[in-house]
Amino acid sequence: MRAPVRLFLLRHGRTAAPAGCLVGSTDLPLSGQGLAELTALLPHLQTAETWYCSPLQRASQTLTCLQEQGCQIAQPRYDARLREIDFGAWEMKTFTEIAAADSDKISAWQEDYEHFVFPEG
């Protein structure tokens with residue numbers, strides 16, 4: 001009988017972005033705090049065999065940090081389909097800034113989340 005497959009979904013640590021900003025396609029590095037937070041994950045990830053990763057630097061830094069702490073990561077598979085969403089004109093802005101400029105579009109986002117396209121995104 002085949003052993004069950006376990007899937008871990010791991011998000012990168014905190015980035016160097018200002019607090020409260022929407023960060024999607026902007027390729028930011030991890031912050032010092034983001035790197036430090038990864039230590040808590042290490043005991044849970046020792047058994048992972050295959051790694052898929054976004055090509056954004058915050059994701060690749062996450063893998064590098066885990067490797068440096070002893071996690072066995074052999075040949076991660078970088079896949080552009082794992083990149084985060086492009087917030088377009090809202091990228092690197094806070095909700096307060098977005099609401100001031102595009103309150104009608106925020107309502108559209110809430111009403112049709114599945115089909116909404118971010119302005120210029």
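The dialogue below goes through the features of this predicted model in turn.

Q: Which residues are closest to the centre of the largest pocket?
A: The lining has 28 residues, and Leu7, Phe8, Leu9, Thr50 and Tyr52 are the closest to the centre.

Q: Which elements give two or more residues to the lining of the largest pocket?
A: They are strand 1, residues 52–53, and helix 3, residues 57–68. Helix 3 gives the most, with four residues.

Q: How many nonpolar, polar and charged residues are in the lining of the largest pocket?
A: The lining can also be read by class. In the largest pocket, 16 residues are nonpolar, five are polar and seven are charged.

Q: What lines the second largest pocket?
A: This pocket has about 230 Å³ of space. Its lining consists of 13 residues, with Arg14, Thr15, Ala17, Cys21 and Val23 nearest the centre. By class, five residues of this lining are nonpolar, four are polar and four are charged.

Q: Which residues have the most contacts inside the largest nonpolar core?
A: A core is read by its members and by the links between them. The largest nonpolar core has 13 residues, and Leu38, Leu45, Trp51, Leu63, Leu66, Cys71 and Ile73 have the most contacts inside it. At least two residues of this core come from helix 2 (42–45), and at least two from helix 3. The largest share, four residues, is supplied by helix 3.

Q: What does leucine 45 touch, not counting residues up to four places away in sequence?
A: On that count, leucine 45 touches Phe8, Leu10, Trp51, Leu66 and Cys71.

Q: Which residues does the second, separate core include?
A: That core has eight residues, among them Leu22, Ile98, Trp109 and Phe116.

Q: Where does phenylalanine 95 lie, and why does it count as partly exposed?
A: Phenylalanine 95 lies in helix 4, which covers residues 95–111. Its relative accessibility is 43%, so it counts as partly exposed, a class that falls between under 20% for buried and over 50% for exposed.

Q: Which residues is phenylalanine 95 in contact with, leaving aside neighbours within four places in sequence?
A: Phenylalanine 95 is in contact with Gly20, Leu22 and Trp109.

Q: What separates the C-alpha atoms of phenylalanine 95 and arginine 81?
A: The two residues are 14 residues apart along the chain, and 26 Å separates their C-alpha atoms.

How values were computed:
Residues are numbered from 1 along each chain as its sequence is written. This is a predicted model: local features need pLDDT of at least 70, side-chain atom pairs count only at pLDDT 80 or more; totals for chains, interfaces and linings use all residues. Side-chain values use heavy atoms; hydrogens and water are left out. On a 1 Å grid over the protein atoms alone, a cavity is a set of points where a 1.4 Å probe fits but cannot get out, and a pocket is an open set with protein on both sides within 12 Å along at least five of seven lines; lining residues have an atom within 4 Å of a point. Ala, Val, Leu, Ile, Met, Phe, Trp, Tyr, Cys and Pro count as nonpolar, Asp, Glu, Lys and Arg as charged, and the others, Gly among them, as polar. Grid points are joined across faces, edges and corners, and a volume is the space filled by probe spheres set on the points. A nonpolar core is a set of buried Ala, Val, Leu, Ile, Met, Phe, Trp, Tyr and Cys residues joined through side-chain atoms within 4.5 Å. Buried means under 20% relative accessible area, exposed over 50%, partly exposed in between (1.4 Å probe, protein chains only). Contact means heavy atoms within 4.5 Å.
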